[in-house]
Amino acid sequence: MPKKWLSFVSGSAVLALALGIGLGSDNQHLLTIAIQTMLLAALASSWNILGGFAGQISLGHAVFFGLGAQITRELWLDGLPLAVSVAAALLVTAVFAAVVGVPMLRFRDIYFTIGTLALGVAIFLTVGNVRPRLSSLTVEALREYDFSGPYFMTLGVLVVTVAVATWLKNSKVGLGMMAVRDDEAAAGSTGINPLSHKMVAFVVSAGLAAMAGASYAYFTASYYPSFPFSVVWTFEAILVAFVGGMGTITGPLIGSVFFVVGRDALPSSIEEFQVVVFGLLFILVVLLLPGGLLEGAQRFIRRVSKQDTRSTSNEETTKSKGKELV
Amino acid sequence: MSRLILQSAVSGILVGGMYGLVALGLALAFGVLKVLNVAHGELLMLGGYAAFFAFTVWGVDPIVSIPLVFLGLCLFGVILYFTLFRHVTKLAIGPRIKNSLLLSFGLVLVLQALAVRFFTGDERTISTAYSSEAITIGWLRVPVVRLAGLVVAVVAAFLLEWVLTRTRFGLALRATSEDWTRAALTGVNVGWVYLTAFAISAGLAAVAGSLIGLGYSVSPNIGLGWTLKALIVVVLAGLGSMRGIILAGVFLGLTESLAAVWLGGEYREIAALVLFLVVLSVRPQGFFGRAHA
């Protein structure tokens, strides 16, 4: 299959480029941008497993990112090796997700979304109450700090996340998730257990988000512990997945490059300006391009190149007009 | 100890009235338009700032400015309806709720960022001459401004109930929320009903915002916290039900403040979350809602 080869070749090329940047460059700005892009790509891909594959729109994804960050940070600053801290963060977050998932995943559609939003905001406010003080690296750690450690850790997390997502997408479990997404009742009647498939998606998604959080904790010199729990992270992950294309492997990757590079290009003197621009962009994508920029571009190319699509698009417009008239 | 519990119970009831008032607008928009506006708290925040600036710049008392702030945010609601939410109301119920949620999620970020830009991140409280006064019953203190909040919440709930049950417009509202296609067939102008319901919902958020600016405080990022409380209240009362919302709000406020006495103030949000999950699991139709088929 040429398509498979194409994705393999382009994937290796991107990976080689990423390795090259990490090994060869000491341009701090470039490295920061690259780390932010990979971090967001990993987070968005992890959200995409739950939201895009299994169709469960979670607005509380930052909880798992934050838990991963906070557990890694506290253990690591207490003197444990980084790898042990990350493993502990991954394990605790996955167990937490499994426990929370039991009541959450019984809620269908909108109730699940409301529930995860409630979880996200409640945990964010509680962490702010319990850990109000800034978390900073020690002076010695700051002296030794260089970008290559966080860079390769984030790259590793991203590779693992994309590998898991790709494997899932082609596996029986992943197919089950997509069946649940498209029609939960129909999937159930063909012998798929919707609850257990949603649970797998929830726990895997949470665990991967925790690893992204861990690389954030390793990368960032100082931050308020509640910040990784902030709804901004959920928003960015969803924005990137939406803009790139939900339920695809490449969507979140392309979306995050677009987002981080675009944010960097906007005037940084007014931070709020960037949020406003991307907030409006997100609103526009939700309103106009439900399949994301990728699918929007594909549809545009198809419409330009093939004339016979015109008849189907006409059909679509009459259909939607019919809906308005009801 | 019993003093502490009783005093916490009183402040819980008072803040619960605000939860109810915030939830009232959210439930109206959800019940009628089937649109879940998570930016409701941001509308509240804007209302709070409107009352704050009306007081500091023109010296208008926040209680007096409530009708003005209500109308101002109604107008903003109209703008939001035409630019954003109207497009969503053309979808079927399922995607309508999901898309409105995502849409308003984006709106949350935009409004928050704009508020930081124009109002700065400072916490603001409207401090009037009567702000520190309190009614004392024995050793029990009831702050006047917070009591005013509860009173306004109850009045607003009764007014809304009156409009819904005693006017032709209310009838159209209820018909639309039951089944908009059949309402349209009987001659209800559904677009007009959607518009006014959304505008009133935004206006109610602003009223809550004024009272929160008076009795509590306003800053650009308070929105989501209040939206969360309102969502919990709406689920407690039963999604789609307008009755008993203030009561559900008071119940949430009481639960939180009593939990804060026993668990420590840091964990009050967790108590609310647990209450929410338990009610949603055990009685998904809420305390006052009817069970769906």
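Q: Hi! How are residues numbered and chains lettered here?
A: Residues count from 1 along each chain as its sequence is written, while chains are lettered from A and ligands numbered from 1 in the order in which they are written. As this is a predicted model, local features need pLDDT of at least 70, side-chain atom pairs count only at pLDDT 80 or more, and totals for chains, interfaces and linings use all residues.

Q: Thanks. What does the secondary structure of chain A come to?
A: Chain A has 15 helices and two strands. Both kinds are DSSP runs numbered from the N terminus: helices are H or I with at least four residues, and strands are E with at least two.

Q: And what share of chain A is buried?
A: Of its 326 residues, 44% are buried. A residue is buried if 20 or more other C-beta atoms lie within 10 Å of its own, exposed if 12 or fewer, and partly exposed in between, with C-beta atoms placed from the backbone.

Q: What about contacts in chain A between residues at least 6 apart in sequence?
A: Among those, 77% join residues at least 24 apart. Two residues are in contact if their C-beta atoms, placed from the backbone, lie within 7 Å.

Q: Let's look at helix 2 of chain A. How many residues has it, and what does it reach?
A: Helix 2 covers residues 28–53, which is 26 residues, and reaches 36 Å from its first C-alpha to its last, close to the 38 Å expected at 1.5 Å a residue. The expected span is 1.5 Å times one less than the number of residues.

Q: Where does helix 2 of chain A bend?
A: At Trp47(A), by about 35°. That bend is the angle between axes fitted to the seven residues ending there and the seven starting there.

Q: Is helix 2 of chain A mostly covered or mostly exposed?
A: Mostly covered, with 19 of its 26 residues buried. Gln28(A), also in helix 2 of chain A, is exposed because it has 10 other C-beta atoms within 10 Å. From Gln28(A) to Val121(A), 93 residues away in sequence, the C-alpha atoms are 34 Å apart.

Q: What comes just after helix 2 of chain A?
A: Gly55(A), which takes a positive phi of about 75°.

Q: Now, at what angle do helix 3 and helix 5 of chain A pack?
A: Helix 3 (residues 62–77) and helix 5 (residues 109–130) of chain A pack at about 35°, with axes 9 Å apart. Axes are lines fitted to C-alpha atoms, for helices over the stretch in contact, and angles run from 0 to 180 degrees between N-to-C directions.

Q: Which residues make that contact?
A: Helix 3 of chain A brings Ala62(A), Val63(A) and Gly66(A), and helix 5 of chain A brings Leu119(A), Gly120(A), Ile123(A) and Val127(A). They divide into five nonpolar, two polar and no charged. Here Ala, Val, Leu, Ile, Met, Phe, Trp, Tyr, Cys and Pro count as nonpolar, Asp, Glu, Lys and Arg as charged, and the others, Gly among them, as polar.

Q: Switching topic: how many residues does each chain give where A and B touch?
A: Chain B gives 38 residues and chain A gives 35. On the chain B side, helix 4 gives the most, with 16 residues. That side divides into 26 nonpolar, seven polar and five charged.

Q: Which residues have the most contacts inside the largest nonpolar core?
A: That core has 195 residues, and those with the most contacts inside it are Leu43(A), Ala118(A), Val22(B), Ala206(B), Val207(B), Val233(B) and Val234(B). A nonpolar core is a set of buried Ala, Val, Leu, Ile, Met, Phe, Trp, Tyr and Cys residues joined through C-beta atoms within 7 Å.

Q: What does Ala206(B) touch, leaving aside neighbours within four places in sequence?
A: Its contacts include Leu43(B), Ala50(B), Val69(B) and Phe70(B).

Q: Last one: what about the phi of Lys34(B) and of Thr120(B)?
A: Lys34(B) has a positive phi of about 55° although it is not a glycine, and Thr120(B) has a positive phi near 60°. Lys34(B) is in the loop between helix 1 (2–33) and helix 2 (40–58) of chain B, while Thr120(B) lies in the loop between helix 4 and strand 1 (134–137) of chain B.

Q: Are those two buried or exposed?
A: Lys34(B) is buried, because 22 other C-beta atoms lie within 10 Å. Thr120(B) is exposed, with 11 other C-beta atoms within 10 Å.
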